Amino acid sequence: MKFTRLRLTGFKSFVDPTDFVIEPGLTGVVGPNGCGKSNLVEALRWVMGESSYKSMRASGMDDVIFAGSGKRPARNVAEVSVVLDNTDRTAPAGFNGDDSLEISRRIERETGSAYRVNGREVRARDVQLLFADASTGSRSPSMVRQGQIGELINAKPTSRRQILEEAAGISGLHARRHEAELR
Ligand code: ATP
Ligand code: MG
């Protein structure tokens, strides 16, 4: 699976629909301070099911919605979608029927988030598990935040083990076992 497209509408500073085509190889995002580079990475984490508004540098999840600037009024809805190329058919079970997967998350003020995979409504959990099974996701070692290497070095053995389990692709199984035990 490969990310091929990222689309943002009303998300943070990206008020107008903005489409990023992700070509094969390394992609770099450059631009002056405050132009939205970090917002872009946050959008990617958000659509993968990030549930912590703090990690979105927000004081509530509604803060990811465009808050207005200059003459432009605030919006009430934000949407991010990501397209995955699945022609190699490596998407996790349950999502492996199509050559491409479009995962979207939409938030409306005071209403919360709704997720879709290829137009079909799914739970946040389904999206989080999809990425966990693919050994990626908003908390996975494939997303390296600023300061994270330092945290890793100073981490307790149990949290370091969690990171290794993510990398080994078994954290999705752990999450399911935890859910099963709660039932
Ligand atoms: P740096 O190079 O300093 O790291 P950056 O390119 O990473 O900058 P970001 O942090 O992504 O920049 O973008 C910050 C900008 O996004 C600020 O101008 C901020 O006002 C704007 N912004 C953040 N949240 C919202 C929102 N909800 N509505 C409108 N604008 C927002
Ligand atoms: Mg930044």
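1. Helix 2 and helix 5 (residues 171-182) pack with their axes 7 Å apart and at an angle of about 145°. Axes here are lines fitted to C-alpha atoms, for helices over the stretch in contact, and angles run from 0 to 180 degrees between N-to-C directions. Leu129, Ala132 and Asp133 in helix 2 meet Ser171, Gly172 and Ala175 in helix 5; contact requires C-beta atoms, placed from the backbone, within 7 Å. The residues of this contact divide into three nonpolar, two polar and one charged. Ala, Val, Leu, Ile, Met, Phe, Trp, Tyr, Cys and Pro count as nonpolar, Asp, Glu, Lys and Arg as charged, and the others, Gly among them, as polar.

2. This is a predicted model, in which local features need pLDDT of at least 70 and side-chain atom pairs count only at pLDDT 80 or more, while totals for chains, interfaces and linings use all residues. Residues are numbered from 1 along each chain as its sequence is written, and chains are lettered from A and ligands numbered from 1 in the order in which they are written.

3. Six strands form an open, antiparallel sheet in the order 2-1-3-4-5-6. Helices (H or I, at least four residues) and strands (E, at least two) are DSSP runs, numbered from the N terminus, and two strands pair if DSSP finds at least two bridges between them. Strand 2 (18-21) and strand 6 (120-122) stand at the edges with a single partner strand each, so one side of each has no neighbour in the sheet. Neighbouring strands are turned by 20° against each other on average, direction ignored.

4. Within the sheet, strand 3 (residues 77-85) and strand 4 (residues 100-108) run antiparallel and are joined by nine bridges. Val80 stands opposite Arg105 in strand 4. Strand 1 and strand 3, also antiparallel, are joined by seven bridges, and strand 1 pairs with strand 2 over four. Leu6 stands opposite Val82 in strand 3, and its bridge partner in strand 2 is Phe20.

5. Which strands does helix 1 touch? Helix 1 (residues 37-47) packs on the sheet against strand 1 (2-9), strand 3 and strand 4, and its direction makes about 80° with that of strand 3. Helix 2 (residues 124-133) also packs on the sheet, touching strand 4, strand 5 (112-117) and strand 6, at about 55° to the direction of strand 5.

6. Around ligand 1 there are 15 residues, the closest being Asn33, Lys37, Ser38, Asn39 and Ala67; a residue is near a molecule if its C-beta atom, placed from the backbone, lies within 6 Å of it. This shell divides into four nonpolar, eight polar and three charged residues.

7. Helix 4 (residues 157-168) has 12 residues and reaches 16 Å from its first C-alpha to its last, close to the 16 Å expected, where the expected span is 1.5 Å times one less than the number of residues. Helix 4 is hardly covered, with one buried residue among its 12. A residue is buried if 20 or more other C-beta atoms lie within 10 Å of its own, exposed if 12 or fewer, and partly exposed in between, with C-beta atoms placed from the backbone. Gly169 follows helix 4 and has a positive phi, near 80°.

8. Arg57 lies in the loop between helix 1 and strand 3 and counts as exposed because it has 12 C-beta neighbours inside 10 Å. Arg89 lies in the loop between strand 3 and strand 4 and counts as exposed with 10 such neighbours.

Definitions and conventions. Two residues are in contact if their C-beta atoms, placed from the backbone, lie within 7 Å.
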